[in-house]
Amino acid sequence: MGAKGRTPLRPSAPELVSWDVTSRCNLRCVHCYATAGTEPAADDLGTAEAKRFISELADIGVFQLVLLGGEPFLRGDILTLIQYARACQLDVGLSTNGTLITPEVARQLADLGLNGVQVSIDSSRAEVHDQFRGVPGSWRKATYAARLLAGMGCKVIVATVITRLNIDDLPEMARLSAELGASEFRTVRFIPVGRGGAAANLMISPEQARDGARVLSDLQASYDGKLKVRPDESFPFLVSPGAWRMFCTAGVTTCAVRSNGDVTPCSYFDGPDFVAGNIRGHRFESIWRNSPILYAFREAPLLEGRCRECAFIESCRGGCRAAAWNAHHDFTAPDPYCWLVSRSV
Ligand code: SF4
Ligand code: SF4
């Protein structure tokens, strides 16, 4: 990438770090990037290591910590860690499958003043969600959790991974999110990595991405002021000229930390090739500042093909790098979900 790149950015710290707090999960989602399972997680950072890591993030000026999994509530110390991060003045977000949220947990989360609690719900229909998540009863528990958290005053974000099984369900998902008391309905792109690699056939086509973006744009207008509808990675600016421009922040202003302490540009880069370092062996700051892998992402490589002539190139930069890498094994390739690239659209 280096020869064709622009001047690399040298941010002293990421704005946001997402951390898979555990590799354990009580569900079996077909689209899981982390291949999370029920086996004991021998490699997860211990409480003392996790606290050291959290305080280093705060010391170097990281603004936001997002706790992912696996399922975070399978960690017995998760509330202790959130409390610690809040005491370190970090903004904290959390993503959960919602199956382990009790009234007492919801109350504690509300008291801890999280920036948002994201509850994953993949369909307005229980049977479709449960099929996705691999465990009957998951939808009932997730919707119960979302309602409970919202009732306690938490900012609830309903997040839906978009596939061929639910792309037609967007209006109903927005309706359900509002009914549950959520502040936001967010769509999440499906990138077939981890266990999701076996379900690549569930990816929507660029045509479906375009039609879905139009539906989301209409939903934004109709729920204005009542529910934030956030099309996470679906090129909203191609259907609504005033919409925010998405560009990939991986390794530039954000990065991810796996449950074993491996630092990567983004959670969607699996395997050993994208590990910038491990926080057990090195200070996070040193990895962030010195890793050649993260530098490669900051160089913003010039893209090939359709992107090069695109009016959005400066802000879009070819879309999601993990999706491009997954589809083409090439960082100069465009995002496979962009319909401007697809000749058939
Ligand atoms: S053609 Fe490339 S730069 Fe233009 S919107 Fe699509 S992915 Fe982004
Ligand atoms: S690689 Fe994709 S999912 Fe990760 S930060 Fe970039 S755009 Fe977002």
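Me: Which residues of H11 are buried?

Reply: In this predicted model, the buried residues of H11 are Arg321, Ala322, Ala323, Ala324, Trp325 and Asn326, where buried means that 20 or more other C-beta atoms, placed from the backbone, lie within 10 Å of the residue's own. The name H11 stands for residues 321-328, since helices (H or I, at least four residues) and strands (E, at least two) are DSSP runs, numbered from the N terminus. Residues are numbered from 1 along each chain as its sequence is written, while chains are lettered from A and ligands numbered from 1 in the order in which they are written. Local features need pLDDT of at least 70 and side-chain atom pairs count only at pLDDT 80 or more, whereas totals for chains, interfaces and linings use all residues.

Me: What makes H11 largely enclosed by the rest of the structure?

Reply: Six of the eight residues of H11 are buried, and therefore the helix counts as largely enclosed by the rest of the structure. What covers these buried residues includes strand E6 (184-189) and helix H9 (292-298).

Me: Why is arginine 317 called buried?

Reply: Arginine 317 has 21 other C-beta atoms within 10 Å, so it is called buried. This residue lies in the loop between helix H10 (313-316) and H11, and its phi is positive, about 55°, although it is not a glycine.

Me: Is histidine 329 buried or exposed, and how do you know?

Reply: Histidine 329 has 8 other C-beta atoms within 10 Å and is therefore exposed, a word used when the number is 12 or fewer. Histidine 329 belongs to the segment after H11, and its phi is positive as well, near 50°.

Me: Which residues come nearest to ligand 2, and how is its shell divided by class?

Reply: Of the eleven residues around ligand 2, Cys248, Ala250, Cys266, Cys320 and Ala322 come nearest, a residue being near if its C-beta atom, placed from the backbone, lies within 6 Å. By class, the shell has seven nonpolar, two polar and two charged residues, with Ala, Val, Leu, Ile, Met, Phe, Trp, Tyr, Cys and Pro counted as nonpolar, Asp, Glu, Lys and Arg as charged, and the others, Gly among them, as polar. Helix H11 gives the largest share of this shell, three residues.

Definitions and conventions. Contact = placed C-beta atoms within 7 Å.
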